[in-house]
Amino acid sequence: MADTGTQQPYQADTAHAMPAAAVLAAVHGDPDGLSTAEAAARRGRWGPNDIPAAAGNGLWMVFLRQFASPLIYVLALAAGLSVWLGEWSDAAFIAAVLLLNAAIGSTQEHRAERSAQALRRMVTTASDVVRDGNLLEIDARELVVGDVVLLSSGMRVPADVRLLDSQGLQVDESPLTGESLPVDKNPRATVPRAAALGDRPTMAYAGTLVGRGRGRGVVTATGATTQVGALAGELREPSSVEAPLLTRMRRFALVVGLGVALVALAVGAVETVRGTPWHEVVLIGVALAVSAVPEGLPVALTVALAVAVRRMARREVIVRRLVAVESLGSCTVVASDKTGTLTVNELTVTHVAVPGCEPWEVTGVGADPTGSVMVDGADADAGMAAAERLARAGVLCNEATLAATEDGWVHRGDAVDVAMLVLGRKLGISRPVALDGAEQLAAIPFESEHRYAATLHAADPGTARIVVKGAVERVRRMCTTMVTLHGERPIDAEQVDRMAERLASTGERVVALAVRRVGRRDGGPGADPDLDHDELTGMTLLGLVGMSDPLRPDSPAAIAACRRAGISVVMITGDHAATALAAARELGLADGPDEVVTGHELHTAANGAARGAVEGAAYGGAQGAGPQEAGPEGAGPQEAGPQEAGPEGAGRGGAESAAAVDALTARATVFARVEPAQKLDIVESLTRRGEVVAVTGDGANDAPALHHAHVGVAMGRSGTDVAREAAEIVVTDDQFGSIAAGVEEGRIAYANVRKVIQLLIATGAGELVLVLAALTMGLPLPLLAVQLLWLNLVTNGIQDVALAFEPGEGDEMRRRPRPPGEPVFDRLMVERVLLSAAVIGGVTVAFYQWLLAAGWSVEDARNSVVLLMVLFENVHVFNSRSELRSVFTHDPRRNLLLVGSTLLAQALHIVAMHVPFTQAVLGLHPVSLAHWATLLGLATTLLVAVELHKAFCRRRARRS
Ligand SMILES: Nc1ncnc2c1ncn2[C@@H]1O[C@H](COP(=O)(O)OP(=O)(O)OP(=O)(O)O)[C@@H](O)[C@H]1O
């Protein structure tokens, strides 16, 4: 692979101080982009646009880390003591097992980390680039110096870019400069050569985040030669933070380690007083330590989580932080976006409405522009002219592309814009046709927070025209007049609102269009004219369009599945309340307007103002869904919008406003006309009310909500880089159904983790009971330290991991969510562990005593005890497949790995009983088949006991 560094021919260092044209010339670029061939040649020469990967934790570091555990310290101490006592074979065996354990642990951990990284890479960063004059979306790694790229809000800048033009572009450069406020960009600014990185408005640097606006620029540096590449390592993808469950288990191990030390000391003291020789006291202490320490737990948990991550990936859910595996299973509310998550986000204009007329139907579906506007009545010609004016405006104020190819019509860009282009084509107005003589001079790009887009176009000599497209309440308030079939009239707000509500009540997304003629202006020497939000007044409303967006076919079923699983689903959308309610009804989410809360209501509640209005207004005003939500003229969310409310939202108004917001979130299943910043208020309120919240997001401003929720879910396809990086999980197909699948997998994973923990702790505790009971009864040690290690790490170690591969029990989505913060050791777990330990320890010690009493030598008796313990482990792994279900209703074929590993554990022990080396080290020898069968019979007592406990627990669960 070519060196990405120094061979690039162009010194990017000075691009910020050079005029854009000079930079283009220096990189041998072209405003229309490079040719594909040239880009390929450059990529071949200079390599991909990759920041070299961090050295990361090498396998050696991971290996050494395996020894940093209190459990291992206890074992290491045991090995040391064995050396001191001259028990060389014990010491060597403990050391060998420790090494083996560390080797298995580190390969597992390394593999898990590698596959997690590979999964994260599946979510690649795409980049909009102009090649051969066409706009394409490519993997950002394919970019080369000289490429012309487009930047838009929510995007991570893919390379160092000299801006050529921009519209309201603001970039968060904190990853590079530490400056937390977004920086305004201006390609025409004059920047001194010595300017610091943070003072270069002409540039956008790789790794920084576009907060708002649009930009176009030429790539000046890629990969290691970018500013961030030079910083090496500052901007790496986040290493996956340890799962809280693992942290809790580490803490648990620490407590066990300390507990073991104390018990060993106490037993040692008692034994010394009883006159036991000191070196035997030490051996007893070592055996106790080994029996009580769940050595296999860290490896088994790592595997269990890795299995869960892989399974989720198969169901389109990529886990970015391991915490999600656990929290997904316990979430009680899923707050989902509507467009694109519950619906397919393929908008088709189905109605065109001009004030004073019935809405006209538009025929045709999707991106294929065959169809027409069905204008009828006496004024058909005037109607058609009005429809064409409206469509032309929608085509002009537009950022999307639509083109005919051999494979049919292909489109790029925002779904609303694509739908407008299709409408235009149906009326014979393509974008080139619309732009003929109406060149675009400036633009305010669409951002969710202001809900409209505007463009400025050249018009008749000396004039220009502003075109606005956006949400009805916003655009209507910019207008003083409206077009009717009988000429321009003063705007009739009520009539417009009625028209909008009529379209929205069938679930259509409604967009209004307006125009205004202004004087032609120049942007001053060397600069383009600007368009400002303040200029959007005195406009003429051209009419409304209604767009349909079909539901995803699996959304209703997935919502129903969540409900059965005790999870409430709420919809959060920027759409009109009536649009949202219609969709929610179809999804089976909401029944009536009282379940809808608007962003305006939230804002009012959060600010503690107009409380009375909030209490009375369930649905944005007395008359149901409608743009009335904006309240009296001029008092709508625009003027008193949540932008001013700041991200603290409810917090700022104190307890009273928090309570008001909570009252709203308690009854709402639909949040409409919500601004991205308000998502955070909703998440905070739900959290305050004790819910465990999963929230979806795609835009740049969704990041705070994604961060704050227990589980942030970003959309892999439509989501911005910013949203994806803020989220714990990424849903690669954007579908709500995959979130439900993720919840199910999360629950299965948590259940499997519990199964593994139960198995290991119960068998460990059984050994402890055995050793303590034998000592209390004055019997010699029933198991040697090496035998205990063999049991814990080899025979059990082989089979416990297979529990992590248990498929779901099938009822995961019919159970209530696990209470958050519920300890792993809940009542059932404690009972099961104590019962199993009592049976294992009790039966074995009784048998051991009987053997000794029958005249067996201690060595022979120990040999039987070890085999009995292996059989207990084999039985208990099947017991552990389900907490409540009988082993006899659980088809073993569903986890053949478990069957295989149990047989392997048994086979390995049989081999160890026959091979001289292991015979010598472990003190083992073969037994007769009849004796083996007797031991198996004894081991089935555990099966009976656990079956009885399961039946008891099932009854208890039914009763509660
Ligand atoms: N490209 C656009 N140009 C102009 N107006 C738009 C555009 N897209 C959406 N709108 C208007 O802004 C409103 C809010 O849209 P937005 O895309 O912000 O919703 P959203 O919150 O992303 O929706 P959801 O949460 O359902 O995905 C829409 O109802 C529509 O009226």
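This is a predicted model: local features need pLDDT of at least 70, side-chain atom pairs count only at pLDDT 80 or more; totals for chains, interfaces and linings use all residues.

Student: Fine. How many helices and strands are in the protein chain?

Tutor: The protein chain has 32 helices and 26 strands.

Student: And what percentage of the 960 residues is buried?

Tutor: Of the 960 residues in the protein chain, 52% are buried. As for contacts between residues at least 6 apart in sequence, 75% of them join residues at least 24 apart.

Student: Which domains is the protein chain divided into?

Tutor: There is domain 1 (1-232), domain 2 (247-308 + 753-959), domain 3 (319-342 + 552-742) and domain 4 (348-548).

Student: What separates the centres of domain 1 and domain 2?

Tutor: Taken over C-alpha atoms, the centres of domain 1 and domain 2 are 47 Å apart. Their contact involves 22 residues from domain 1 and 21 residues from domain 2.

Student: Changing topic. At what angle do H12 and H13 pack?

Tutor: Helix H12 (residues 380-396) packs against helix H13 (residues 415-426) at about 135°, and their axes are 8 Å apart. H12 is therefore oblique to H13.

Student: Is the crossing of H12 and H13 left-handed or right-handed?

Tutor: The crossing of H12 and H13 is left-handed.

Student: Which residues make the contact?

Tutor: From H12, Ala391, Arg392, Gly394 and Val395; from H13, Met420, Leu421, Leu423 and Gly424. By class, the contact of H12 with H13 has 5 nonpolar, 2 polar and 1 charged residues.

Student: Last one, alanine 266. Where does alanine 266 lie?

Tutor: Alanine 266 is in helix H8 (residues 244-273).

Student: Does alanine 266 count as buried or exposed, and why?

Tutor: Alanine 266 counts as exposed because it has 11 C-beta neighbours inside 10 Å, and the cut-off for exposed is 12 or fewer.

Student: How are alanine 266 and glycine 285 separated?

Tutor: Alanine 266 and glycine 285 are 19 residues apart along the chain, and 9.4 Å separate their C-alpha atoms.

Key: Residues are numbered from 1 along each chain as its sequence is written. Axes are lines fitted to C-alpha atoms, for helices over the stretch in contact, and angles run from 0 to 180 degrees between N-to-C directions. Helices (H or I, at least four residues) and strands (E, at least two) are DSSP runs, numbered from the N terminus. Angles under 35 degrees count as roughly parallel, over 145 as roughly antiparallel, 65 to 115 as roughly perpendicular and the rest as oblique. A crossing is left-handed if the near helix is turned anticlockwise from the far one by less than a right angle, and right-handed if clockwise. Two residues are in contact if their C-beta atoms, placed from the backbone, lie within 7 Å. Ala, Val, Leu, Ile, Met, Phe, Trp, Tyr, Cys and Pro count as nonpolar, Asp, Glu, Lys and Arg as charged, and the others, Gly among them, as polar. A residue is buried if 20 or more other C-beta atoms lie within 10 Å of its own, exposed if 12 or fewer, and partly exposed in between; C-beta atoms are placed from the backbone. Domain bounds come from an automatic or database domain assignment.
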